[in-house]
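Here is a short report on one protein model. Look at the structure first, then read on.

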Amino acid sequence: IGNRINHLVKVEYAFQKNDNLKSFIGDKIDRIKPFGTAHALYCAKDYLDGYFGLISADDFYGRSSFDKLYKSLKEQECCTIGYKIKNTMSKNGSAKRGICFQKENYLTENNDYIIEREGNKIKATSLIDNSVLEISEDQNVSMLMYGLNYSVIEYIEENMKKFFMDNQSKLDSCEYLIPNVLTDMIKDEEIKIKLIETDEKWMGVTYKEDLQEVKDYLKELQEKNVYPKQLYKD
């Protein structure tokens with residue numbers, strides 16, 4: 001992937017390995033599965049400085065969302081791009097989403113929930129306490145598209161030990177997640193994150209059955225000249 005754009009921008013790689021966790025949980029790390037998105041960001045700490053954009057590399061966010069993210073970063077303001085839940089759901093099953101609770105256009109909470117349809121209703125189950133909410137199709141959710149600054153990485157590092165102590169009985173399955181970290185930072189008044197809404201359609205392959213729908217949607221955008229037929233040029 002990097003070879004397609006490294007003649008245009010500088011490309012660097014950070015690898016999510018468990019080696020940098022020894023000071024937090026000791027030498028006995030027999031888990032191969034990654035420890036979540038907050039740990040992934042922590043693994044890139046030596047490559048970042050100041051304000052930066054964050055996305056999930058295998059998701060499609062839509063062109064205008066990047067314009068909004070860029071503008072926020074240029075103004076040196078932390079943000080998340082909020083997608084309407086109806087524009088992010090797979091027809092093939094449930095998915096994990098960070099629900100955006102807000103006050104005056106700023107996040108008050110952004111914890112992860114399992115989202116699934118039950119008839120005409122949308123049910124959200126908290127990954128923290130298993131509480132259940134019913135949400136509307138226009139509920140804003142974060143799809144891991146953020147504008148952040150380096151203080152987030154410092155907060156992750158400062159609170160990593162506490163996270164692993166709280167989860168020492170389930171080190172084989174726990175995940176240190178960015179939405180949960182940001183919610184803690186907001187409550188501790190360590191950060192303000194602006195919610196910037198978008199009407200873009202988010203696309204991703206949560207289930208293998210989603211693949212054809214993603215292909216068809218990207219082809220449709222090319223036919224409408226939203227994107228050129230050849231994305232990468234020498």
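## A helix inside

A residue is buried at under 20% relative accessible area, exposed at over 50%, and partly exposed in between, using a 1.4 Å probe and protein chains only. Helices (H or I, at least four residues) and strands (E, at least two) are DSSP runs, numbered from the N terminus. The model is predicted: local features need pLDDT of at least 70, side-chain atom pairs count only at pLDDT 80 or more, and totals for chains, interfaces and linings use all residues. Residues are numbered from 1 along each chain as its sequence is written, and side-chain values use heavy atoms, leaving out hydrogens and water.

Why is H5 described as largely enclosed by the rest of the structure? Eight of its 10 residues are buried, so the rest of the structure largely encloses H5. The buried residues are Ile178, Pro179, Asn180, Val181, Leu182, Thr183, Met185 and Ile186. Their cover includes helix H2 (37–43), strand E1 (51–54), strand E5 (106–109), strand E6 (112–118), strand E9 (140–149) and H4. Just after H5, glutamate 189 has a positive phi of about 60°.

## Threonine 183

Find threonine 183 in helix H5 (residues 178–187). Is threonine 183 buried or exposed? Threonine 183 is buried, at a relative accessible area of 1%. Contact means heavy atoms within 4.5 Å. Not counting residues up to four places away in sequence, threonine 183 touches Glu109, Asn110 and Asn111. Lysine 215 is 32 residues from threonine 183 along the chain, and their C-alpha atoms are separated by 34 Å.

## Two nonpolar cores

A nonpolar core is a set of buried Ala, Val, Leu, Ile, Met, Phe, Trp, Tyr and Cys residues joined through side-chain atoms within 4.5 Å. The largest core has 48 residues. Tyr83, Ile115, Val152, Ile156, Met160, Ile178 and Leu182 touch the most other members. Helix H4 (residues 151–166) gives the most to this core: seven residues. Another core, of six residues, lies apart from it, with Phe60, Met203, Val214 and Tyr217 among them.

Now look at valine 152. Setting aside neighbours within four places in sequence, valine 152 contacts Leu41, Leu182, Met185 and Ile191.

## A hairpin

Two strands pair if DSSP finds at least two bridges between them. Strand E7 (residues 121–126) and strand E8 (residues 132–135) run antiparallel, joined by four bridges. Five residues lie between the strands of this hairpin, and asparagine 130 takes a positive phi near 65°.

Threonine 125 lies in strand E7. Valine 132 in E8 stands opposite threonine 125. At 17% relative accessibility, threonine 125 is buried. Threonine 125 touches Tyr113, Ile114, Asn130, Ser131 and Val132, not counting residues up to four places away in sequence.

## Cysteines

A disulfide is a pair of cysteine sulfur atoms within 2.5 Å. How many disulfides does this rule give? The count is zero. The sulfur of cysteine 78 has its closest cysteine sulfur in cysteine 79, 7.7 Å away, and that is too far for a bond. Cysteine 78 is buried, at 4% relative accessibility.

Cysteine 174 is in no disulfide either; the nearest cysteine sulfur, that of cysteine 43, is 14 Å away. Cysteine 174 is buried too, at 6% relative accessibility.
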